[in-house]
Amino acid sequence: MDIILNGESRTVACRTVAELLELLGIDPRRVAVELNMEILPKAEYGAKALSSGDRIEIVHFVGGG
């Protein structure tokens with residue numbers, strides 16, 4: 001399916017947000033995910049189905065001081 005990931009068009013074969021993060025090699029504990037302009041609770045990553053045309057923003061947490 002075709003999605004928009006962080007502003008870029010991508011074709012992926014994932015059914016859920018959790019599968020997308022796994023495909024990308026991203027630890028779900030270290031990111032926030034926005035799906036179609038709404039923050040998605042981490043508890044829903046495995047259950048939230050993706051659809052063609054979805055807009056996903058993945059924000060990484062960065063520590064520092």
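1. Thr 16 sits in the loop that links E2 to helix H1 (17-24). Helices here are DSSP runs of H or I with at least four residues, strands are E runs of at least two, and both are numbered from the N terminus. Thr 16 is buried, at a relative accessible area of 11%. Buried means under 20% relative accessible area, exposed means over 50%, and partly exposed lies in between (1.4 Å probe, protein chains only). Apart from residues up to four places away in sequence, Thr 16 touches Tyr 45, Gly 46, Lys 48, Ala 49 and Leu 50. Contact means heavy atoms within 4.5 Å.

2. A word on the basis. This is a predicted model, in which local features need pLDDT of at least 70 and side-chain atom pairs count only at pLDDT 80 or more, while totals for chains, interfaces and linings use all residues. Residues are numbered from 1 along each chain as its sequence is written, and side-chain values use heavy atoms, with hydrogens and water left out.

3. The sheet is open. Its five strands run in the order E2-E1-E5-E3-E4, with mixed pairing. Strand E2 (8-11) and strand E4 (38-40) are the edges, each pairing on one side only. From one strand to the next, the twist averages 35°. Angles run from 0 to 180 degrees between N-to-C directions, and axes are lines fitted to C-alpha atoms, for helices over the stretch in contact.

4. Look at E1 and E5. Strand E1 (residues 2-5) pairs with strand E5 (residues 55-60) in the parallel sense, over two bridges. Two strands pair if DSSP finds at least two bridges between them. Ile 4 has Arg 55 in E5 as its bridge partner.

5. Now H1. Val 17, Leu 20 and Leu 21 are buried in this helix. They lie on the same side of H1 because their arc around the axis is only 95°. That arc is taken from the directions from the helix axis to the C-beta atoms. The buried residues of H1 pack against E1, strand E3 (31-35), E4 and E5. Exposed Glu 22 and Leu 23 are on the face turned away from the buried side. Just after H1, Gly 25 takes a positive phi of about 70°.

6. Finally, the core. The largest nonpolar core has 16 residues; Val 17, Leu 20, Leu 21, Val 33, Leu 50, Ile 56 and Ile 58 touch the most other members. E1, H1, E3 and E5 each supply at least two of its residues. Such a core is a set of buried Ala, Val, Leu, Ile, Met, Phe, Trp, Tyr and Cys residues joined through side-chain atoms within 4.5 Å. Beyond its neighbours within four places in sequence, Leu 20 contacts Ile 3, Leu 5, Val 12, Cys 14, Leu 50 and Ile 56.
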